[in-house]
Amino acid sequence: MLEDLIKILEDKYKYPVYLQGSMASDASYPDHFFTYWINETSDSSHYDNDDTGVVWDYDVNFYSNDPLTVHNIMLDVKKTLKQHNFIVGGAGYSVMSDETTHTGRGINVLYRQNN
């Protein structure tokens, strides 16, 4: 499922996608980029003592050196991911950046994968 999420973001927005916290401390930030974090996975339901699916729980964050782009792109990401059957609640939240040149915004994303 993770590969699908990354592909959707890279194909539509043409910005790099990184695992949150994986950039080297001496690496310079790209002007715009996404990060993701897998919060957890859980069984979605059970039938005859077997799980019938998995719920993937992700944080998807976007960082940019342009605060307006940060806000606007995440609203579009929400629409895009919903079109691909992801569940996205709310309009997002602010996320901290390690660089003073960048601001960030995140959304929580769920996906139910059937077995």
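Entry 1, contacts and model. I took the contacts in the chain between residues at least 6 apart in sequence, and 58% of them join residues at least 24 apart; contact here means heavy atoms within 4.5 Å. The model is predicted, local features need pLDDT of at least 70, side-chain atom pairs count only at pLDDT 80 or more, and totals for chains, interfaces and linings use all residues. Residues are numbered from 1 along each chain as its sequence is written, and side-chain values use heavy atoms, with hydrogens and water left out.

Entry 2, fold. I read two helices and eight strands in the chain, in the order α-β-β-β-β-β-α-β-β-β. Both kinds of element are DSSP runs numbered from the N terminus (helices H or I, at least four residues; strands E, at least two). Along the principal axes, the C-alpha atoms fill a box of roughly 55 × 30 × 25 Å.

Of the 115 residues, 35% are buried, that is, under 20% relative accessible area with a 1.4 Å probe and protein chains only.

I found Asn 61 in strand β5 (residues 53-64). Is Asn 61 buried or exposed? Asn 61 counts as buried because its relative accessibility is 6%. Its side chain makes a polar contact with the side chain of Gln 20 at 3.1 Å (a pair of N or O atoms within 3.5 Å, one able to donate a hydrogen and the other to accept it). Leaving out residues up to four places away in sequence, Asn 61 touches residues including Phe 33, Phe 34, Tyr 93 and Arg 105.

I placed Thr 80 in helix α2 (residues 67-83). Thr 80 has a relative accessible area of 5% and is therefore buried. Beyond four places in sequence, Thr 80 touches Ile 8, Lys 12 and Tyr 13.

I recorded a volume of about 270 Å³ for the largest pocket. Among its 16 lining residues, Gln 20, Gly 21, Met 23, Tyr 29 and Asp 98 are the closest to its centre. A pocket is an open set of points on a 1 Å grid where a 1.4 Å probe fits, with protein on both sides within 12 Å along at least five of seven lines; lining residues have an atom within 4 Å of a point. By class, the lining has eight nonpolar, six polar and two charged residues.

Notes:
Points joined across faces, edges and corners; volume = space filled by probe spheres on them. Nonpolar A, V, L, I, M, F, W, Y, C, P; charged D, E, K, R; others polar. Buried < 20%, exposed > 50% of the residue type's maximum accessible area, 1.4 Å probe, protein only.
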